[in-house]
Structure formats: C-alpha cells, structure tokens
Amino acid sequence: MAATEATKAADEAYDVIVLGAGPTGENVADRAHAAGLSAVLVESELVGGECSYWACMPSKALLRPVTARAEARRVPGLKDTADVPLDVPAVLAHRDEFTSYWKDDGQVRWLDSAGIDLVRGHGRLAGPRRVVVDGERVLTARHAVAVCTGSRAVVPPVPGLAEARPWTSRDATSAKAVPGRLVVVGGGVVGVEMATAWRALGSSATLLVRGDGLLPRMEPFAGHLVTESLAEAGVFLRTGVEVREVRREAPGGPVTVLLDSGDEIIADEILIATGRAPRTDDVGLETVGLTPGSWLDVDDSLRVRGVTGGWLYGVGDVNHRALLTHQGKYQARIAGAAISARARGVPILESDRWGAHAATADRLAVPQVVFTDPEVASVGLTAAAAEQAGYRIQVIDQDVAAVAGASLYADGYRGRARMVVDLDREVVLGATFVGSGVGELLHSATVAVAGEVPIERLWHAVPSYPTISEVWLRLLEAYRG
C-alpha cells in the first residue's frame, strides 16, 4: 500500500514504525525501505515537519532578500539601486511559496513514490514494539520503532508571559504582517536571525540577551561581528538583562516587557527564542520504562539505552546530540543502516567510529550556518571546547577581507576565519568563518574535520583564485609560519 494514507484494512504489522514525519523520520523510513524493510510513518501535523514549514525553509526565505540587498549595497554599480526598502508583500509571498503554503501534498507524493506508508494521527508507544494511534489503531513493529518527534520552543515561566501569547520560532517564521515594534528575547541562532529579518522588513527591533554577547556557543568573534552588523542595521541590543514580567492587557494589543533593571519596553510582539525541549512528553515513554518529556539517551547507532530488547531508537532533536535538520538526517541514515543490519543479523560496526553505524560527526564534525549579515559558518570544536576536551591546540586567525576574492565580492568586506589545529596529530579540529558568502566555504572545512585530513595533505588542496576560499591558504601559511 502506498503513502496515500494506510487504512485500517491494511496490514498493521511493519518492520519499522517511525513516529514523526519530519526530515529525520522521512529519512529513517526511506533508509529502512531501501534496505528491503517495510516502514510506516505516523504524523499528527504536516509531513515534512518543523524544517519545511516553520524553521529552515521559511526563515531562510525571509533572510535571503535581506542578505542579498546588503551585499548589493557593497558592490559598485549596484549601491544606489539597492538602497531601497524591501518589497514586504513579495518577501512574504516568497516565504509562503517555500512552505508550500503550509500544505504537505508534495511530501505525501514523495512518500507514495518511495513506497512508504503514512498514518495520520498522534502515535504513542504502548509497550515493546507497539504504537497506538489516536487511542484506537494499533501498529506493531517486527524490528524497530524510531522516535523522531523533534523539539519545540520553550516558553519560560516568566509571570504573565504565557498569557501574553508570545511569538515562538513558529510564529516568527509564519507571521503574515510586520510588527511595528518587536522584542526578541535570546541571543542564539533563532534570536539573531529573526532580529535580522524583521528589522530589515520594517520592525523596530530590540534584542534582549541574558548573557554578555550573541551566539555564545560559537567563537567569540562571531558574536562580536554579528553584534556590530545588527547595531548598524538599527537593532537595539541589551545584554546582561532578564525579563521579569510581561503584560498584555488585551488580545492583539501592545505588550509591556518589564526587565530586572526596572526598565519597561513597549512592543507589538515579543519573540521568545531561549531554548528547545524534546517533544517526548506524550509519546508513551512511560510504557517502556522511560521518563515522559525527557531527552532520549542513545548510543552512537541511535538506539535508546535502557530499553530491553534494543528495539527503540531516538533520532534527531529528541536525543539532544545536535539540534539541526542536517544532523537529524545524518543520524537517520546511520539509524536506518543500523536497523537494517540488525534485522538481517549483520554485525554492527560499533568499533569503527567513522563507520556506517556510528553517528560520530555529532560529537566532532557538526556544521552550522547562521544566515545573518554577515553569515557565520562553523564546524567541529571551538578553541574553548577543544581545550576543555584536553587537546593540545594551536589557534590560527586570519582576516578574510585580506584575500582578493573577498575584496571583489564586496567593498569594505568584513570577516574573520579561525582554524583550530590538534598539534599532536596535525589535523583540523574545528573551523569558523564570518563574512558574506562564507556559508559556501563550510563544506570544505567539514570534509577536512570529518576526514581528519593531515595538514600536510591540505597543502595540496589548492584554492581557486580569486575566491574567498583562498583564506584556507592564508590559514595554512600562518600555521606553518
């Protein structure tokens, strides 16, 4: 039966049951099916998940016109023509198109073509290898159940906040109109990206951060350069502050944000971007001896620890290893390979940390791009994380603007690159780039980190001239002195 929604007349036993039809769940099911196993996806919302409708795709659709205009303003011959307001209706329509207007017909057609069944409804575990959908339909798994239900935004217990109906990341990426005044709480990726987008679309934006800077999990210079750019764009940034209370007297009315300093800020909307929680509170974890609402503790093959029989997998955000869509899909490929190998009785390559059944990149080679202006791209360990892990390192910094490709890319190019080297093995542990267009540099760094390519071999990887990627040569030259 195809993905045009399995009916109660269908066989209720599958080799693999997947809870959650986002990118992670889709890939688990696809890998299992490709290995000859039958698979069914259980989804209570839209097939395609958070990334397709409320995260990656709509947020980047909002941001691309912003960064394109910013770059055009720095190119001779375009500066005057680019110095105009964004066409807000066109930008929002572009965003809507990339979300398929919040309809999942295309995703369902893909499942149909792949031969993967779909069951609409809320699925809960009901003991070993059993899933009950909407309290009545029972599915059983011959080999594995994979929990791929993702994560949700956390709304902290600030007095009055929940009653004020704040924006979360979902609201920020799907809003139909530009708020006149927007307060963004949180200095992580969601906070800085949405402050960038909505400020460019016309909001008066205030960014409130509890810590002393932005993007705290990245190299410090990344947050500094993004801070400078946001300030130039007109975003008001306040660090070292906490929200003490929020008041909204009437639905749709203005929001009053009270800070611990005693100051008050009046806004039309408040976006809370302060963290994520696993969507595991109502998936039946208690029926298999686990705690509802908890992150799932998994091994490198993504199998949940502490479950008798080893049939339960936690893939993607739910395991808290790396909350990124591309990492969830990577984990799905690993989990799918492990599930099919175990189903066939093939030995698992658990001793091979870069083998087919180990999600090692989640610890050592996670790439991420922050689509602000300038972009931030990083992979692997920061200098601080490498030192904390006990590596003997050398840190190499370079001004990206010093390479010819950056000068050609834009007048007044600002950027920085860092390479963290393991001195004992002479391999790259991590790399960070900040600057316009650096997201496209990242995969070369990811290959170097994941491949543990020796520095002496990287000397033979010659960057094309004149491109921004020539910064790699400058980093290697600085390392050799």
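Predicted model: local features only at pLDDT ≥ 70, side-chain atom pairs only at ≥ 80, totals over all residues.
For my own use, an axis is a line fitted to C-alpha atoms, for helices over the stretch in contact, and angles run from 0 to 180 degrees between N-to-C directions. I noted that helices (H or I, at least four residues) and strands (E, at least two) are DSSP runs, numbered from the N terminus.

Residues are numbered from 1 along each chain as its sequence is written, and side-chain values use heavy atoms, with hydrogens and water left out.

I then checked the handedness, and helix 1 passes helix 10 in a right-handed crossing. A crossing is left-handed if the near helix is turned anticlockwise from the far one by less than a right angle, and right-handed if clockwise. Which residues make the contact (heavy atoms within 4.5 Å)? From helix 1 I found Pro23, Thr24, Asn27, Val28 and Arg31, and from helix 10 Thr325, Gly328, Lys329, Ala332, Arg333, Gly336 and Ile339. Sorted by class, they are four nonpolar, five polar and three charged. Here Ala, Val, Leu, Ile, Met, Phe, Trp, Tyr, Cys and Pro count as nonpolar, Asp, Glu, Lys and Arg as charged, and the others, Gly among them, as polar.

**Helix 1 again, now with helix 6**

I stayed with helix 1 (residues 23–34) and turned to helix 6 (residues 105–114): their axes come within 11 Å and cross at roughly 15 degrees. That makes helix 1 roughly parallel to helix 6. Helix 1 passes helix 6 in a left-handed crossing. I saw Glu26, Asp30 and His33 of helix 1 meeting Gln107, Trp110 and Ala114 of helix 6. The classes here are two nonpolar, two polar and two charged residues.

**Helix 3 and helix 5**

Next I took helix 3 (residues 56–72) and helix 5 (residues 88–98), whose axes come within 8 Å and cross at roughly 150 degrees. That angle makes helix 3 roughly antiparallel to helix 5. I recorded a right-handed crossing of helix 3 with helix 5. Helix 3 brings Met57, Pro58, Ala61, Leu62 and Pro65 to the contact, and helix 5 brings Val91, Leu92, His94, Arg95 and Phe98. By class I noted eight nonpolar, one polar and one charged residues in the contact of helix 3 with helix 5.

**The nonpolar cores**

A nonpolar core is a set of buried Ala, Val, Leu, Ile, Met, Phe, Trp, Tyr and Cys residues joined through side-chain atoms within 4.5 Å. Buried means under 20% relative accessible area, exposed over 50%, and partly exposed in between (1.4 Å probe, protein chains only). I found 83 residues in the largest core, where Ile17, Leu139, Leu312, Val315, Met419 and Phe433 touch the most other members. Which strand gives the most to this core? My answer is strand 6 (residues 137–147), with six residues. Apart from it lies another core, of 34 residues, including Trp167, Ala200, Val209 and Val434.

**Loops worth a visit**

Is His357 buried or exposed? At 8% relative accessibility, His357 counts as buried. I located His357 in the loop between helix 10 (325–344) and helix 11 (361–364).

I checked two residues with positive phi. Arg129 has a phi of about 60 degrees although it is not a glycine, and Arg129 is partly exposed, with a relative accessible area of 29%. Leu215 has a phi of about 50 degrees, and is not a glycine either; Leu215 is buried at 4%.

One joins Asp373 and Pro374, with omega about 5 degrees, and another joins Tyr465 and Pro466, with omega about -5 degrees. Pro374 sits in the loop between strand 17 (367–370) and strand 18 (375–380).

Methods:
Parallel < 35°, antiparallel > 145°, perpendicular 65-115°, else oblique. Contact = heavy atoms within 4.5 Å.
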